[in-house]
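Hi everyone, thanks for coming.

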Amino acid sequence: MLKHKYLLGFSLYGALLSAHVCFPQQQDPSPPLFPESKDRINGPLRADTMVREHGPKIALEHVTVFDGSGSPPKLDQTVIIDHEKIVAVGPSRYVTPSSDTKVLDETGKTLLPGLIGMHEHLFYPTAGGFRGQIGMYSEQGNSGPMLYLAVGITTARTAGSINPYLDLNLRKAIESGREAGPDLDVTGPYLEGPPAIQIPVHELTGPEDARRTVDYWHEEGATSFKTYLHITPAELQASIDAAHRYGSKITGHLCSIGFTEAAEMGIDNLEHGIIIDTEFYSKKQPGICPEADAWTREMEQSLEIKDPRVQKMIQTLIEHHVAVTSTLDIFEMGISGEPPIDTLKTTHDAMAAASWDTYMKYRDVQVNRKDNPHTERLLRKEMEFEREFVQRGGLLMAGCDPTGFGGILPGFGDQREMELLVQAGFSPSEAVRIYTSNAAKFLGRQNTIGKIAIGMQADLVLLDGDFEHDASVIRKPELVFKKGLGYDSSRLFAAVRGEAGLR
Ligand SMILES: [Zn+2]
């Protein structure tokens, strides 16, 4: 989630008129009422109906491969899958599939390792609403996992949960093959001190409460934790210690505590980047989250990435092995006209009408904002920070943070984030590494996922086009392999059409 003004910002919509952007009306398939009652008990499992290639032996021939290591792509490759694993990778002229292998000619296409989204959510603000109401979030248990998988996210960390039991039970349903979706690293509920940003979030009452909360959710099955804006230093320390007792990683979207202090306390990961680091604000008081407008404006006007204080902060993160999660797409939402409306056709089709309508009103607010250059310059600064962090050896990961405003939905937001990483100056191979092997390393799963290599789990994304020369090809996923099963992206999208934002 983003800082205060954006989170609260969505409640302004109700008072404003919208200028509609019209896409051709989607066909309503008029499904029968309550179709799930019969189908879900007697019919085929929904996940199975999304699979186009069942294997167990498949060869993808003549494809351009980004292996996830960051090295340049290799042309005209063959990748062979046998059950859940990759068993061969190499030039097509040398790699010959056995006679019982199904061969697919993928000339002109690009193959990436399954993407690992590190700042994903399974909730979304409900449509409508206005200032003064309680902020409400609906769980996207139906559309979220399918959209993530459709774009090629085969592993996702839920990075803060409003309804942890939903995330935990979905993980079971996906693992058992009942539902289609990415493998989930389920993050516990937000560890947040008062004032909690929204009513659904628990307010910690002190370090003992923080420890108790981590203990409880670890026992329930959460495998990661996330701290939030108003947590106190004592609560943060207690949360970190408790999470580490279980070998779990803990991240933070912090405000009351700066990056340097959190790194020294032992946090594993920081979300969003320098754009939310308050430690350089001239009026920062220890343990207090300052007013967002004031410190972001000061940062935009007077803080440079080459500033020795920033350089020292970067050094501290690297020395303490603290990873950073890039979420450029959520900051782009604050710039008028971004993301370009012509990139949102698939988002429009996926969304419930009321949620799209709410988003259009938000875009109107953004178009009329006077401080747009300010937001744009902040985004440029964030991009510069991320390049510098990586250049000096920092571990950068990425995710889309689909917490609102419609321009960022599960999966579609990750496509945009990938494009923005390239716009930020990372090469396509570096952007792929950020979204794959860097995250695998952070998760301690680098021997299983995040790379296209012999022995790795067969998690792969096949894109229809040349991603090296056109980053927008990330928007053309065709087949997504997870543990050797090839899911048809278009079926996944079709299955949740008109659902996003609603359920
Ligand atoms: Zn978030």
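Let me start with a definition: two strands pair if DSSP finds at least two bridges between them. Helices (H or I, at least four residues) and strands (E, at least two) are DSSP runs, numbered from the N terminus. Please keep in mind that this is a predicted model, where local features need pLDDT of at least 70, side-chain atom pairs count only at pLDDT 80 or more, and totals for chains, interfaces and linings use all residues. Residues are numbered from 1 along each chain as its sequence is written.

Now, the sheet. Three strands form an open sheet in the order β7-β10-β11, and their pairing is parallel. Why is one side of β7 (115-117) and of β11 (183-185) left without a neighbour in the sheet? Both stand at the edges with a single partner strand each, so there is nothing beside them on that side. From one strand to the next, the twist averages 20°. Three bridges hold β7 and β10 (residues 153-157) in parallel pairing, and I116 sits opposite T155 of β10.

Next, find β12 (residues 224-227). In a regular strand, side chains alternate between the two faces of the sheet. Here S224 and K226 point one way, F225 and T227 the other, and all are buried. Buried means that 20 or more other C-beta atoms lie within 10 Å of a residue's own; 12 or fewer is exposed, in between is partly exposed, and C-beta atoms are placed from the backbone. β12 runs parallel to β13 (residues 249-252), joined by four bridges, with K226 opposite T251.

On to helices. Two packed helices are described by the angle between their axes and the distance between the axes. Axes are lines fitted to C-alpha atoms, for helices over the stretch in contact, and angles run from 0 to 180 degrees between N-to-C directions. Contact means C-beta atoms, placed from the backbone, within 7 Å.

Helix α6 (residues 207-220) packs on α7 (residues 233-245) at about 30°, their axes 8 Å apart, which makes α6 roughly parallel to α7. Helices α15 (residues 412-423) and α16 (residues 428-435) pack at about 135°, with axes 9 Å apart, so α15 is oblique to α16. The cut-offs: under 35 degrees is roughly parallel, over 145 roughly antiparallel, 65 to 115 roughly perpendicular, and the rest oblique. Where they meet, M418, L421 and V422 of α15 touch P428, A431, I434 and Y435 of α16.

Methods. Two residues are in contact if their C-beta atoms, placed from the backbone, lie within 7 Å.
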